[in-house]
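User: I'd like to walk through this model with you, starting at the ligand. Could you take my questions one by one?

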Amino acid sequence: MQTAEFLIDIGRYYLYAGGAVAVLFLVIGIERVEPSAQESYAFRPLLIPGICLIWPLVLYRWFHLEREKEAEE
Amino acid sequence: MSVQYMPVLWNRNKIFYDAVLLIAVGLYLFVFIRVAPAFEDVSKPIDGAILRMRAFGSCAFLMLTIILCIGPLARLDRRFLPLLYNRRHFGVLTAGIAAVHANYVLGWYFNFSPTDKYAALLSSNTSYGQVLGFPFESLGIAALLILFVLAATSHDFWLSFLGAPIWKALHMSIYAAYAFVVLHVAFGALQGPADPIFTGVVAASVVLVCGLHFMTGRMEAARERGEETAKASLQENGWVVAGDLDDIDEDCAKVVTLNEDERVAIFKYDGKLSAITNACAHQNGPLGEGKVLWGCITCPWHGYQYNLADGRAPAPFTEKISTYRLKLIGSTVLLDPNALPPGTHVDPVEIGGAA
Ligand code: HEM
Ligand code: FES
């Protein structure tokens, strides 16, 4: 039982962290790294579940794309 | 200007596809819930919630099977291609149906559990060391998590944001999900009282999915070997590899340098390929930097025009330039480096016809 509760807690905190990343990314990040997303807002909420689930990958790509942008400038 | 993202892109075909999909799923669930009780063992009647749980579980399993068959089928026969393009909504719906199945399980078996439902599910059976009575639910959970991730990352945005290699690798995990589901069923439902119909369906699904992948794999290996030999024999005859079809943008050219003062421009236009010398007959202007219009190339320097198929300027002009022969093998463009006399007609290579 304890293991199960522990696993579920981990899952819960993982999703909370994902929620925080989703807010950050949709408000700040997406316009910076994805030009096609500029001025389209309707589709953004659709991305929330995905960000919550794979937020470490989202952060990794965000960081990577920012660095690429810097290198171009 | 780039295309803006929309929540969902629908067109007539996709609406039709989605409608058929929804009707088929609805019919399956309806028939299952109506008809299955007729086959059941009268001494062990099953409850409505369990019946619905099974209806949704088997529906998700069949949908997953179909999804995995569409890929190889489309490679075997192009007529299946439309199914491939619309697979996305199919996948999202599958995840949804599987979620309903899992939700019935939670609601039915663990609703009255004094502890958290999810914790109860995870801890009700932890005998991971045994085959009979293996906690098959955890395999279902693993599959469901994968399906959720795939459904949640199916929007075009994700393909562009993650980049094709990462996105493809991520979506390859659909095979892991399928394996988990097969094991989930093999350790779960199939361990119960023998049910020949369902056992048959699961076995058929595994044979179908594995068989189709095996077949397309062999077919493609054979095709690749054929292409390799064709390429090698052309190269023996002096032809050169000019590059990949995808390197050439539509209505533009790729310029291949044969030697110091011989360059060839290979154009892609109207689903065809043609090669002409890169040097304009007027003052050696770079034809490969021009754009194609109506099968004609216009020199970027002073506007002379040439037909790509024969290197002749349209009447009343009389300029002629050299043409070259091309072959398309797979997606590789090969070029005969021997220039043909100026104005020689060469049938353009049809891009679709190569396959
Ligand atoms: C949280 C995830 C899941 C849980 C807790 C779960 C749980 C269960 C349970 C308790 C059964 C009953 C087995 C029996 O009747 O003996 C079952 C059966 C089944 N599950 Fe799942 N499952 C999950 C996910 C999935 C997924 C993702 C799929 C397919 C995509 C799936 C497909 C099936 C099928 C085909 C059956 C057999 C139904 C039948 O007896 O006709 N399950 N599952
Ligand atoms: S060089 Fe091509 S038109 Fe003058």
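User: Which element gives the largest share of the shell around ligand 1?

Analyst: Quick note before that: this is a predicted model, where local features need pLDDT of at least 70, side-chain atom pairs count only at pLDDT 80 or more, and totals for chains, interfaces and linings use all residues. Residues are numbered from 1 along each chain as its sequence is written, chains are lettered from A and ligands numbered from 1 in the order in which they are written, and side-chain values use heavy atoms, with hydrogens and water left out. As for the shell, six of its residues, the largest share, come from H2(B).

User: Which residues come nearest to ligand 1?

Analyst: There are 20 residues around the ligand, where being near takes a heavy atom within 4 Å. By class they split into 14 nonpolar, five polar and one charged; here Ala, Val, Leu, Ile, Met, Phe, Trp, Tyr, Cys and Pro count as nonpolar, Asp, Glu, Lys and Arg as charged, and the others, Gly among them, as polar. The nearest are B:Arg54, B:Gly57, B:His101, B:Ile141 and B:His184.

User: How far is a nitrogen atom of ligand 1 from an N or O atom in the side chain of B:His184?

Analyst: Polar contacts are pairs of N or O atoms within 3.5 Å; within protein, one must be able to donate a hydrogen and the other to accept it, and residues adjacent in sequence count only if both atoms are side-chain atoms. B:Arg54 puts a polar side-chain atom 3.3 Å from a ligand oxygen. For B:His101, an N or O side-chain atom sits 2.8 Å from a ligand nitrogen. For B:His184, the distance to a ligand nitrogen is 2.8 Å.

User: Is A:Glu66 buried or exposed?

Analyst: A:Glu66 belongs to helix H3 (residues 55–72) of chain A. Beyond four places in sequence, it touches A:Arg32 and A:Val33, a contact being heavy atoms within 4.5 Å. Burial means under 20% relative accessible area, exposed over 50%, and partly exposed in between (1.4 Å probe, protein chains only). At a relative accessible area of 15%, A:Glu66 is buried.

User: How far apart in space are B:Val92 and B:Ala151?

Analyst: B:Val92 is in helix H4 of chain B and is partly exposed, at 37%. Leaving aside neighbours within four places in sequence, B:Val92 contacts B:Ala151 and B:Ser154. B:Val92 and B:Ala151 are 59 residues apart in sequence, yet C-alpha to C-alpha the spacing is 4.8 Å.

Conventions: Helix = DSSP H or I, 4+ residues; strand = E, 2+ residues; numbered from the N terminus.
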